[in-house]
Amino acid sequence: MALNGSELNTSTHLDHLRSLYMKFELAEGICLSILSVLTVSANILLLMTIWKDPEKNFRSPTIYFIIGLGIADLVTGATTEPFFALFYITRFFRGSQSVPGPVSRLYNVGVPISTVTISSSYLIILFLSLSQYIAIKWPHKYKLLITRNRVIGSVLLSWLYFICFTLVLQFSRIDTTLFLKVDLAIHPVLISSVLFLTLVLLYRAFKGQVQQKGSNKPFSELKKGTKERAHNLQRQFTIVTFYLAAILLISALPHIAIQFVWLYSNLSLEGTYHIFMALRVRDLLLFFKVALDAFIYAWRLPAYRQSLKKSVNYSNKTKSTKSSLAEGTQL
């Protein structure tokens, strides 16, 4: 049966959209391949620097929030990003042929991992922002409320919660659309809203603290040493928290908007292609946020840069010493 002109134009247009969408997948695959290397490298350096801590700067309980975020980002960069990249690039070059089973399985493994790691990073940054607010607003109660065990427990509970939440979808018969709607409401929307309100409160408290320190400047200039260094480090850490939370919110807004349209709109086939292109851009923004986290510390935290430099120099010196000893032994 021959197609009329309208049906032929529609078919041609849909073929064009499909071809365009496949190019979106290829572009995302290439970007994820690069982001994976950057994310893994940056977070390995971050965790190594915190572990060695040559400057003794990372001793506060809140540093475990940074460790938890670094581990989540590292897992994302080491698993989800390369798995997705392999799937998208393979599907583009195979064209109409099906993707090999192992590649599809890796992609299916990467989906729940990304849900756990990226979602848990929302909670970790929220907890970090709350702890910084408490440190500024109630400094005398801070050490009682924010302890090492509580911070580690909150990080572990955030991972456990999202692992269990993801397993419900994987091993239950709950309608996927309904599940995703609930997930959108109680995770990106609710957590982002609470985080935004927390940032407003944190900003007001931080601004008040800066003004107060400014008014006491002649007195503070007499207090040199450990206390002043600790205050400067906390101030820098609060600024880092602002940046981490802001980047998360900027990446979360497109995610919420696109997910809302996808779940609640009756889309035509043409609209489905458009929304899936938007989903690829949305995912790339989230993965870009994951890669950017570790670079925020290097950009806004001088103490981290100094510790990183000393850690790298120490590692190079250790390798050089071992090499010299080995040569001497051979002689």
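Analyst: A word on classes before we start: Ala, Val, Leu, Ile, Met, Phe, Trp, Tyr, Cys and Pro count as nonpolar, Asp, Glu, Lys and Arg as charged, and the others, Gly among them, as polar. This is a predicted model, in which local features need pLDDT of at least 70 and side-chain atom pairs pLDDT 80 or more, while totals for chains, interfaces and linings use all residues. Residues are numbered from 1 along each chain as its sequence is written, and side-chain values use heavy atoms, without hydrogens or water.

User: Thanks! What makes up the lining of the second largest pocket, by class?

Analyst: That lining has 19 nonpolar, ten polar and four charged residues. The pocket has a volume of about 920 Å³, and of its 33 lining residues V111, S114, T115, L180 and R282 are the closest to its centre. By the class rule, R282 counts as charged, and S114 and T115 as polar. Helix 3 gives the most to the lining, with nine residues.

User: Why is one space called a pocket and another a cavity?

Analyst: Both are sets of points on a 1 Å grid over the protein atoms alone: in a cavity a 1.4 Å probe fits but cannot get out, whereas a pocket is open, with protein on both sides within 12 Å along at least five of seven lines. Lining residues have an atom within 4 Å of a point. The structure holds one cavity of 30 Å³ or more, and the largest cavity has a volume of about 50 Å³. L46, I50, F58, I63, I66, F237, Y297, L301 and Y304 line this cavity, with helix 1 (5–52) and helix 2 each giving two or more of them.

User: How do you know the class of that cavity's lining?

Analyst: Leu, Ile, Phe and Tyr count as nonpolar, so the tally for the largest cavity is nine nonpolar, no polar and no charged residues.

User: What makes 46 Å the expected span of helix 2?

Analyst: The expected span is 1.5 Å times one less than the number of residues. Helix 2 (residues 63–94) has 32 residues and reaches 45 Å between its end C-alpha atoms, close to the expected 46 Å. A helix here is a DSSP run of H or I, at least four residues.

User: Where does helix 2 bend?

Analyst: At G77, by about 35 degrees. That bend is the angle between axes fitted to the seven residues ending there and the seven starting there. Just after helix 2, G95 takes a positive phi of about 60 degrees.

Notes:
Points joined across faces, edges and corners; volume = space filled by probe spheres on them.
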